[in-house]
Amino acid sequence: MTRLLSLAHRVALAAVSCSRCRCGGFGMFYAVRRGRKTGVFLTWGECRAQVDRFPAARFKKFATEDDAWAFVRSSVSPDGSEGQKNKLVPESQVKAKRRPRESLDVAEDENEEPYAKHVKQNTESIPLVGKDKFSYMGDFVVVYTDGCCSSNGRRRARAGIGVYWGPGHPLNVGIRLPGRQTNQRAEIHAACKAIEQAKAQNINKLVLYTDSMFTINGITNWVQGWKNNGWRTSTGKEVINKEDFVELERLTQDMDIQWVHVPGHSGFTGNEEADRLAREGAKQSED
C-alpha cells in the first residue's frame with residue numbers, strides 16, 4: 001500500500017532542499033514504488049533505507065510531489081525522458097522504439113543452461129574519467145547493462161554485452177561475450193563488465209539497472225544458498241552458472257550495489273542503449 005504523508009509532512013517536504021543533489025535544486029521528492037516501504041520521502045537517506053539491498057527495488061527522484069506520487073501509484077514503468085544527470089534516468093532522449101529480442105530468453109530459474117567455463121573480464125588499463133561525467137543518484141553512480149544472444153541455445157549463437165553510462169560516455173562499451181554464447185551468461189557478464197569499469201574509476205557505489213531478473217536473483221538471493229549447499233540447487237543439481245556467478249560475486253566485494261530491475265524494451269532509454277551496445281558487440285568476432 002502507498003505510504004501517505006500527513007499534511008504537515010507534505011508542506012515540509014516542499015520546503016526541503018535536496019542536499020545531495022548536484023544540480024542545486026530545491027524540493028526534490030524521492031519516490032519508492034517497490035521497497036521496504038513505499039511512498040514519497042524527504043531525503044535520499046530516507047529513500048535509500050527503503051531500497052538499499054532490496055531485490056528489484058524501484059525508486060526515482062522528482063522535482064514535483066505530484067510526479068513522485070504518480071510514480072508510486074503507477075503500475076507501469078516510467079519512461080526515460082528526464083534530463084538532469086542526478087536523476088535515475090539521466091538521459092534527455094526521446095523514448096526508444098520497442099523491438100523484439102532476436103530470440104526468446106530461456107526460463108529464468110536456478111539451473112537453466114549447460115555448464116559454462118569461467119570468463120575472465122578484460123583488465124586492460126582504463127583511463128580515469130572525471131566524476132562530473134557520470135550520472136548520480138545521491139552518492140551512487142548510475143549504469144545500465146544488458147546482454148543479448150541471437151540464436152540462443154543453438155550452434156551458431158552469437159552473444160554480446162553492453163554497458164551504458166550515458167550519452168556519448170567514454171566508458172560505453174559493446175563487446176562480444178567470450179566463451180559459451182548464451183543470453184543469460186551475457187546478462188551476468190555485462191554486469192561484471194560495469195562493475196569492473198567502476199572499480200577502475202575508483203567508484204564503489206553503483207545503481208545498476210538490468211532487465212535480467214535471473215542476474216538479480218542470482219547475486220542477491222541464490223548465491224549464498226548455493227554456497228551453503230556446496231554449489232548445488234535446492235533440488236540437489238549442480239549449479240549451471242556457477243563460474244559466472246563466482247566471478248560476479250568476486251567483483252561485488254567492497255562494492256555497494258543497488259540492483260534495479262527495468263523491463264526490457266519498455267522505453268527506458270538507458271536500457272535500450274545498453275541493448276543496442278550488446279547487439280553491436282554480438283556482431284564482433286571472438287578474440
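1. Start with helix H3, residues 65–73: its buried residues are Glu 65, Ala 68, Trp 69, Phe 71 and Val 72. They sit on the same side of H3, because the arc they cover around the axis is only 155°. Look at the other side of H3 and you find Asp 66 and Arg 73, both exposed. Keep in mind that this is a predicted model.

2. On to the charged pairs. How many salt bridges does the structure hold? There are nine.

3. One of them pairs Glu 249 with Lys 227, with 3.0 Å between the closest N and O atoms. This pair links distant parts of the chain, as Glu 249 belongs to helix H6 (residues 242–252) and Lys 227 to helix H5 (residues 213–228), 22 residues apart. Glu 249 is buried, at 19% relative accessible area, while Lys 227 is partly exposed at 35%.

4. Within it, Asp 52 bridges to Arg 48, their closest N and O atoms lying 3.6 Å apart. Asp 52 is buried, with a relative accessible area of 18%, and Arg 48 is partly exposed at 24%.

How values were computed:
Residues are numbered from 1 along each chain as its sequence is written. This is a predicted model: local features need pLDDT of at least 70, side-chain atom pairs count only at pLDDT 80 or more; totals for chains, interfaces and linings use all residues. Side-chain values use heavy atoms; hydrogens and water are left out. Buried means under 20% relative accessible area, exposed over 50%, partly exposed in between (1.4 Å probe, protein chains only). Helices (H or I, at least four residues) and strands (E, at least two) are DSSP runs, numbered from the N terminus. The arc is that of the directions from the helix axis to the C-beta atoms. A salt bridge is a side-chain nitrogen of Lys or Arg within 4 Å of a carboxyl oxygen of Asp or Glu.
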